[in-house]
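Please walk me through this structure. Start with its aromatic rings, then turn to one of its helices.

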Amino acid sequence: MFRKIIGSTTVIGKMTLLSRLLGYLRDMLIARLFGASIYTDAFFIAFKIPNLFRRFFAEGAFSTAFIPVLTEYHETRNKNNLNLFLDSQISALIVILGLVVGFGIILAPFVIIIFAPGFEQDSERYQLSVGLLRITFPYLIFISLTAFFASILNVFGRFAIAAFTPALLNICMILAAIFLSPFFSVPVYSLAVGVFIGGVLQLTLQYFSVRRLGFRVTIRSGFEHEGVKKVFKLMVPGILGGSVAQLNILIDSIIASFLTAGSISWLYYSDRVIELPLGVFGIALATAILPSLSKFAISAEFEKFDAAVKHSINWTLFLGIPSTVGIILLAEPIVVSLFQYGEMTIFDVEQCTKSLRAYALGLPAFILIKVLAAAYFARKDMLTPVKFAVVALILNTILNVVFMNYFGHVGLALATSIAAWLNAMLLFVCL
């Protein structure tokens, strides 16, 4: 049983590795062309905001609520009922996403003030981030619908395409930076255009992959369907939990916007290094295990459920701890190799190295949270992880305020790691 999960994890991990490597190539290019400047600070904030909302409508609250209900329909209902549920769900999702994105574009100046109030003191950086956000915000629609189709593929055991899809975004951003930047008076706008195009291609690939399974999407009135109501009901605690997570990131962004110019970029580059083992090990394992755990929970196979969780924890520690040690020891050469090109200075490398080591301390906890939360979600217990996330948020906020005065941007990374360990321990003990 667990061999099948590990096999699926391996497939997802390979595709995620490809995407992460392309992501590093993308970030190397950004560092070479733009360094750590007001331009990269503005873009990273404009790119972060739709990604934060994505946690609600993509791999966050929606997916964790949608997959258990979809698994239930797949296991217990006929294909007509399953088709009706999928049509109703995507229709409701499109309506909600359209409203969120529309308001986001119109209110972009206020959104930037909320997420990066320190930018208002720098008129050029503020105006730039507003313009970039209006281009990147529609990405929320594309990536959320992509996640909808990816969830279907995962439940049907087709993990490869769903895991490969993020690579398309990185490819588009690389090509845009190389070939489109000369056509813009402010070259960083090319990255925002690359995000938009990448979102369109991601959605297109997933849509046609689901069509090959025999599903045809029909738009209909979806909010009254019992399955859709069940998904949204399960989403409520997930949204609360997502709100806690996003509030956590929002607090980090607010504090970082008041720090030295370049701080947001230093944190971004170091976080990108952590994303490789987190994506290849943590997210891949959590993605692969959730459909299986949901199936075990529905069929009351509790011994298999328990065994799968225990094996997942063992794999997390087996892979996460050596990764942490390796990153801490090799932080500086990693940053130099990946990012010290063109506009990226030695000082920038030093600052990225410090925050990378601080993030690395929390890497096993970041992975454990993904795996342990999946066990709660599979049992449709969305509320318990929210309670623990609130506790971790409070600790993270306190530590942010204390550490920023002594360690600057490094203090934010260190606070994130300490809070993650508290969250992981609470999830583990309660489970």
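A search of the whole structure finds 14 aromatic pairs. Rings of Phe, Tyr and Trp (its six-membered ring) pair if their centres lie within 6.5 Å; planes under 30 degrees apart count as stacked, over 60 as edge-to-face and the rest as tilted. Phe148 is buried at 1% relative accessibility, and Phe149 is buried at 3%. Buried means under 20% relative accessible area, exposed over 50%, partly exposed in between (1.4 Å probe, protein chains only).

Phe184 and Tyr189 are stacked, because their ring centres are 6.5 Å apart and their planes lie at 20°. Phe184 is partly exposed, at 30% relative accessible area. Elsewhere, Phe43, Phe44, Phe47, Tyr139 and Tyr269 make up one aromatic cluster.

This is a predicted model: local features need pLDDT of at least 70, side-chain atom pairs count only at pLDDT 80 or more, and totals for chains, interfaces and linings use all residues. Residues are numbered from 1 along each chain as its sequence is written, and side-chain values use heavy atoms, with hydrogens and water left out.

Now follow helix 16, residues 383-407. Helices (H or I, at least four residues) and strands (E, at least two) are DSSP runs, numbered from the N terminus. The expected span is 1.5 Å times one less than the number of residues. So the 25 residues of helix 16 should span 36 Å, and the 34 Å between its end C-alpha atoms agrees. Helix 16 has a kink of about 30°, centred on Val401. The bend at a residue is the angle between axes fitted to the seven residues ending there and the seven starting there. Buried residues in helix 16 include Phe388, Leu393 and Phe403. Just after helix 16, Gly408 has a positive phi of about 60°.
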